[in-house]
Amino acid sequence: MNGFKENSTPISQSIVANIQLGLPATVSRLSSKMRFIDKIAPALKESGVVRNIELIAPLTIKASGIAATNRTSSAFGGMLYVAGAVRQDILISEGSIYKTRQESIVDVDEIDDLDNQKKLKFIDIINVYKLLEDLMEDDEKPELVLVDVPLVLERSDAPLEDRKDTIKVYDKCRETIKFFWDKYKDMVYPFNENGIKIASVGTKRFGAIIYALTEDNLVYIPDDVDNSIVKKMEELMPKIQDVGIKRLLTGILVKRTRTAAFQYDGLNKDNRLEPETLRDVGLIGMHIKAGNTTPPLLVEVLGDVKDWSSEMLDELASQIISLIAFDQKKALPLPLWYAKYALKPVEATNNGKNVILEYYKTKAREMLQSEALESIWKEDLDVFEE
């Protein structure tokens with residue numbers, strides 16, 4: 001029949017056949033990987049790579065969370081975007097939670113779609129730092145501030161030289177970060193022992209501590225790690241890479257634990273921090289896990305191994321874990337959870353389209369079609385020509 005075979009195999013039959021044939025091998029591989037994790041987990045814990053964290057109970061703390069989000073919509077040959085950030089202060093007294101002050105910032109504009117994700121990342125960081133600046137000027141400051149964007153930029157964030165539009169946003173972001181730390185660094189812990197703790201909380205860069213376990217890199221780990229595990233890592237690394245770093249971390253980090261911390265810029269000398277003035281300050285990171293089902297979270301703070309001790313990092317981890325009230329997959333420290341929830345209006349959709357951007361697009365289209373806007377343009381042109 002026109003070159004088509006009538007006895008062809010439907011894809012549904014192929015799917016069923018492949019599942020039946022492949023399932024035993026898949027289960028066998030997964031079982032092998034899980035056994036490896038169970039085997040290596042005690043050794044990592046005993047050597048200090050994984051540390052237990054105590055909850056603060058009852059918890060009394062004044063903390064803030066600053067979260068950012070953005071949405072885009074294709075329009076006029078480019079993109080419209082809305083980016084927002086919210087700061088939510090909470091007071092917890094003897095375990096009772098009180099929401100207090102909330103501040104916000106929203107940015108709506110247009111960009112071209114080239115490197116749009118990088119631009120929006122920079123815009124989010126700028127918005128968060130604007131709210132951080134306002135916070136630092138308050139008379140009553142929180143003890144702990146958690147943000148959901150990186151505290152610094154990295155070499156990989158730098159745009160290509162011919163991306164002039166992206167470079168403009170990148171430079172503004174870099175200058176915003178530089179201005180903040182130049183002005184307020186001496187008010188921030190650990191550079192001021194009574195200062196505010198500012199930490200970034202996210203899920204990126206899984207497994208940095210695992211790759212850091214070499215004799216040369218021990219100087220960049222502020223926690224005490226037994227040399228015995230370091231000597232085993234060269235032999236274990238191929239198997240660890242086969243298992244997967246994220247799966248390994250999820251397996252070895254149990255309820256109320258953290259990994260040993262690491263000075264990221266010391267371990268990754270080719271990935272320099274930006275702005276350049278913060279390279280000497282350093283960046284410390286560790287993974288924490290609050291509950292049985294909560295995912296591992298990466299916590300990053302400015303400073304190096306000379307600034308942070310195990311006890312100081314244990315205290316920070318304890319505060320953050322104590323702020324995670326629910327053992328759920330999407331659980332976050334309460335100030336960040338409230339801040340993210342407050343961003344719902346920025347993310348609101350109707351029929352799959354962002355409400356804010358659809359309204360903005362409609363109004364922009366009306367203005368583009370109006371004679372009033374055309375007269376404004378002509379007026380600007382006349383001024384320019386003079």
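Biologist: In which loop is E94 placed?

Modeller: This is a predicted model, so every value here is computed from it. The hairpin of β3 and β4 has two residues between the strands, and E94 takes a positive phi there. The place of E94 is the loop between β3 and β4.

Biologist: What is the phi of E94, and is E94 buried or exposed?

Modeller: E94 is a residue other than glycine, yet its phi is positive, near 50 degrees. Its relative accessibility is 57%, and the cut-off for exposed is over 50%. E94 therefore counts as exposed.

Biologist: Where is N351 placed, and what is its phi?

Modeller: N351 is in the loop between β13 (349-350) and β14 (353-354). With a relative accessibility of 75%, N351 counts as exposed. N351 is a residue other than glycine with a positive phi, near 55 degrees.

Biologist: How many bridges join β3 to β4?

Modeller: Strand β4 covers residues 96-111 and runs antiparallel to β3. Within this pair, A83 stands opposite D107. The number of bridges that join β3 to β4 is 14.

Biologist: Is A83 buried or exposed?

Modeller: A83 is in strand β3, residues 78-93. Beyond four places in sequence, A83 touches T69, N70, I105, V106, D107, I123, D124 and N127. Its relative accessibility is 0%, and the cut-off for buried is under 20%, so A83 counts as buried.

Biologist: How far apart in space are A83 and V106?

Modeller: V106 is among the residues that A83 touches. The two are 23 residues apart in sequence. From C-alpha to C-alpha, A83 and V106 are 5.7 Å apart.

Biologist: With which residue does K119 form a salt bridge?

Modeller: K119 is in helix α2. Its contacts beyond four places in sequence are I111, D112, L114, D165, T166 and V169. In the salt bridge of K119, the closest N and O atoms are 2.8 Å apart, and the partner is D112.

Biologist: Which of these counts apply to K119 and D112: buried, partly exposed or exposed?

Modeller: K119 has a relative accessibility of 1% and therefore counts as buried. D112 has a relative accessibility of 32%. That value lies between the cut-offs of 20% and 50%, so D112 counts as partly exposed.

Biologist: How far apart are the closest N and O atoms of D171 and R174?

Modeller: Both residues lie in helix α3 (residues 164-184), three residues apart, about one turn of the helix. D171 counts as partly exposed at 29% relative accessibility, and R174 counts as partly exposed at 24%. They form a salt bridge, with the closest N and O atoms 3.0 Å apart.

Biologist: In the salt bridge of D304 and K306, how far apart are the closest N and O atoms?

Modeller: D304 is buried, with a relative accessible area of 6%. K306 counts as exposed at 71% relative accessibility. The closest N and O atoms of this pair are 2.9 Å apart.

Biologist: How many salt bridges does the structure hold?

Modeller: Salt bridges also link R87, D89, R101, E103 and D138 in a network. For the structure, the number of salt bridges is 26.

Biologist: What is the omega of the peptide bond from A57 to P58, and of the bond that joins Y189 and P190?

Modeller: P58 is found in the loop between β1 (50-52) and β2, and P190 in the loop between α3 and β7. The bond from A57 to P58 is cis, with omega near -5 degrees. The bond that joins Y189 and P190 is cis, with omega about 10 degrees.

Biologist: Which element supplies the largest share of the lining of the largest pocket?

Modeller: The largest pocket has a volume of about 720 Å³. It is lined by 32 residues, and D148, V201, L332, L336 and K340 lie nearest its centre. By class, the lining has 17 nonpolar, five polar and 10 charged residues. The largest share, five residues, comes from α9.

Key. Residues are numbered from 1 along each chain as its sequence is written. This is a predicted model: local features need pLDDT of at least 70, side-chain atom pairs count only at pLDDT 80 or more; totals for chains, interfaces and linings use all residues. Side-chain values use heavy atoms; hydrogens and water are left out. On a 1 Å grid over the protein atoms alone, a cavity is a set of points where a 1.4 Å probe fits but cannot get out, and a pocket is an open set with protein on both sides within 12 Å along at least five of seven lines; lining residues have an atom within 4 Å of a point. Grid points are joined across faces, edges and corners, and a volume is the space filled by probe spheres set on the points. Helices (H or I, at least four residues) and strands (E, at least two) are DSSP runs, numbered from the N terminus. Ala, Val, Leu, Ile, Met, Phe, Trp, Tyr, Cys and Pro count as nonpolar, Asp, Glu, Lys and Arg as charged, and the others, Gly among them, as polar. Buried means under 20% relative accessible area, exposed over 50%, partly exposed in between (1.4 Å probe, protein chains only). Contact means heavy atoms within 4.5 Å. Two strands pair if DSSP finds at least two bridges between them. A salt bridge is a side-chain nitrogen of Lys or Arg within 4 Å of a carboxyl oxygen of Asp or Glu.
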